[in-house]
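Please look over the structure shown here before reading on. The report below walks through it part by part.

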Amino acid sequence: MNIATKSPTIAADADGDTGPRGPKPKRTLSRRNIIVYGTLLVAAIYYLLPLYVMIVTSLKGMPEIRLGNIFSPPLEITFEPWIKAWSSACTGLNCDGLSRGFWNSVRITVPSVVLSIAIASVNGYALANWRFKGSEFFFTILIVGAFIPYQVMLYPIVIILREIGLYGSLSGLVIVHSIFGMPILTLLFRNYFTSMPEELFKAARVDGAGFWGIYLRIMLPMSLPIFVVAVIIQITGIWNDFLFGVVYTRPETYPMTVQLNNIVNSVQGVKEYNVNMAATLITGLVPLIVYFVSGKLFVRGIAAGAVKG
Amino acid sequence: MVVRRVNARQHIDERSPMSESQTRPPSRLLRNLNAKIASIPMILTAVVVFAGGTAWTVLYSFTNSKLLPRLNFVGLDQYTRLWAAPRWLVSIENLLIYGVLSLIFSLVVGFVLAALLDQKIRFENTFRTIFLYPFALSFIVTGLVWQWLLNPEHGIQSVVRGLGWTSFSFDPLYNSEIVIYGILIAALWQGTGLVMCLMLAGLRGIDEDIWKAARVDGIPMWRTYLFIVIPMMRPVFVTTLVIIASGIVKVYDLVVAQTSGGPGIASEVPAKYVYDYMFFAQNLGQGFAASTMMLLSVVIVIVPWAYLEFGRRRRA
């Protein structure tokens, strides 16, 4: 944008002066640039430091950690902590490592993402194109509900899940994630479908397509980007969840975050900081990969998904 | 439309479900049936879980439920006990300190970073990626990393001491006076990237001509930001404020991971109080009362905002 505003002045300079042509050299070291880049660099160090320390610590042996400082790179790289964190770190009496939590989290995240997006996209579609009496009313409750602290609804959901016999099971947690993902995702899809040209919908109606026909054959194929955004929101949100995992599952089915917390914050035994950091890093890896792969879409997702808090 | 024959109207209705305002034939409930069936999960969630669950919790907060919920009303007993509990008072105090500081710092830091990134700099994408990546991580991971960084024996404190400043002392996680600031540092690390992103989007929405006009008038850059750009970004600030505020009330995982509420009860927060009383102390009534107070605090934040937004739209 600035190029647009700056280039006329540069051009004017070049025209007016008979001196050397082209843009002024050495602008990069102006005082303003030093301040801007200096501040950004300091901030970048603050943001990168924890990741760096995590990686470095997870590659050191315990004796080196006890002697050295946390910022120094490992003298001897060892992958032992990673192996131990993955396959033999202990939570209580259980010593099969984070792998159990990882697979639990996969078994929770995949169905939750699919179910919550299926429900929310159909809801959004109904709200955008098939409004019925009361639909906006229910939608308002849903959006207001997004602001209610989860703690208020924790126990009623325990009762509901107990009544239908799903308390403590993975499917129960999948339902909980679908419920709490609904406000933001429904809003996302509703806004997206509303912005699509209405003629499209009308033409399909004239051609005799019904509710599901239009959804499956027109809306779904035309809105793949928004589905990708929804998948990103949901994968990171559900993978990172702790509260629902700890409330609605049993120790055997704990998701990764809960197990990680139990491994690192367990009071028994000697603290193995390298194993802890390896475990922390492994848990953070999935959302980090999603983040780095999705790039701009992630930014778009948080702009929409920020409400989830 | 109204004078049309019934048959024709039914036909029209089926064709254009948007025409809501007309009086309609007896088969009203069956009209648009598929959309209604498809919305059942949403309706159930909204009515049963969100509205019903909230009402249920508020109702049971007036009972003396212990291990199981019982409808044995005791008036405001739970609330009197709640506000007499030292742990709850510490939680509220922590939430206030944490809330005010994290609001101020994340808005200021987020805006400054966004403004710096908006200076048409090189490597903008790299910097943005760096500032935002912690937001992809969970609070558990955040809490555990910062627990390690702030570890007094190995972390920042020992490194600074190793450099020769032997009296240097910075161990927020083991000092009950400043423990909440240790949590704040971690929370800011995780959350400012989001604020920066929202602010950057707001800054990009400002018309370039405003900048040109300000430059022509010779207004210094900081004044342009302070008196022109920021007032213009009011909606962005309000949205961000609401997002941060509703996140603050929910803070739970971070504290659990970083300090487990310790040392002692120095870093307790309301959300943790609720969880512990509901699922550990088996004192449901206290948990319900505490969660109702959390709801109340959200209402205090959200309602004026909704009122302002709504009122503004009315006037406009």
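The sections below cover the fold, the core, the salt bridges and a few single residues.

## Overall make-up of chain A

This is a predicted model. Chain A has 15 helices and 0 strands. Of its 309 residues, 52% are buried. Among contacts in chain A with a separation of 6 or more, 70% join residues 24 or more positions apart.

An unreviewed UniProt entry lists "transmembrane region" for six stretches of chain A: residues 34-55, 108-128, 137-161, 173-193, 214-239 and 275-293. Two of these can be set beside the model. Residues 34-55 of chain A are 100% helix and 0% strand. The C-alpha atoms at the ends of that span lie 30 Å apart. Residues 173-193 of chain A are also 100% helix and 0% strand. Here the end C-alpha atoms are 29 Å apart.

## The nonpolar core

The largest nonpolar core holds 180 residues. Members that touch the most others are A:L40, A:Y125, A:F180, A:F244, A:Y248, B:Y98 and B:F131. Helix 9 (residues 179-204) of chain B gives the largest share of this core, with 16 residues.

A:F180 is worth a look on screen. Leaving out residues up to four places away in sequence, A:F180 touches A:Y150, A:M153, A:I157, A:F244 and B:F50. The list includes a residue of chain B, namely B:F50.

## Salt bridges

Over all chains, the structure holds 12 salt bridges. One of them pairs A:E198 with A:K202, and the closest N and O atoms are 3.9 Å apart. Both residues lie in helix 9 (residues 198-206) of chain A. They are 4 residues apart, about one turn of the helix. A:E198 counts as partly exposed, at 34% relative accessibility. A:K202 is partly exposed as well, at 48%.

In chain B, the side chains of B:R87 and B:E268 form a salt bridge, 2.9 Å from N to O. B:R87 sits in helix 5 (residues 86-117) of chain B, while B:E268 sits in the loop between helix 13 (253-258) and helix 14 (270-279) of chain B, so the pair ties together parts 181 residues apart in sequence. Both B:R87 and B:E268 are buried. B:E268 also meets B:K272 in a salt bridge, at 3.4 Å from N to O. B:K272 is buried too. Through shared partners, salt bridges join B:R87, B:E268, B:K272 and B:D276 into one network.

## The end of helix 14 in chain A

A:S294 belongs to helix 14 (residues 273-294) of chain A. Its relative accessible area is 16%, so A:S294 is buried; the cut-off for buried is under 20%. The side chain of A:S294 reaches back to the backbone oxygen of A:V290, at 2.7 Å. A polar atom of the A:S294 side chain also lies 3.4 Å from the backbone oxygen of A:Y291.

## One side of helix 11 in chain B

Which residues of helix 11 (residues 221-232) of chain B are buried? They are B:T224, B:Y225 and B:V229. These residues cover an arc of only 95° around the axis, so they lie on the same side of helix 11 of chain B. What covers them includes helix 5, helix 9 and helix 10 (208-216) of chain B.

## Two residues with positive phi

Most residues other than glycine have a negative phi. Two residues of chain B can be checked against that. B:K120 is not a glycine, yet has a positive phi of about 55°. B:K120 is found in the loop between helix 5 and helix 6 (124-136) of chain B. At 36% relative accessibility, B:K120 is partly exposed.

B:Q282 is not a glycine either, and has a positive phi of about 50°. B:Q282 lies in the loop between helix 14 and helix 15 (284-315) of chain B. With a relative accessible area of 43%, B:Q282 counts as partly exposed.

Terms used. Residues numbered from 1 in each chain as written. Chains lettered and ligands numbered in written order. Predicted model: local features only at pLDDT ≥ 70, side-chain atom pairs only at ≥ 80, totals over all residues. Heavy atoms only, no water. Core = buried A, V, L, I, M, F, W, Y, C linked by side-chain atoms within 4.5 Å. Buried < 20%, exposed > 50% of the residue type's maximum accessible area, 1.4 Å probe, protein only. Contact = heavy atoms within 4.5 Å. UniProt positions renumbered as here; feature names shortened; annotations may be inferred. Polar contact = N/O pair within 3.5 Å; in protein donor to acceptor, adjacent residues only side chain to side chain. Salt bridge = Lys/Arg side-chain N within 4 Å of Asp/Glu carboxyl O. Arc of directions from axis to C-beta.
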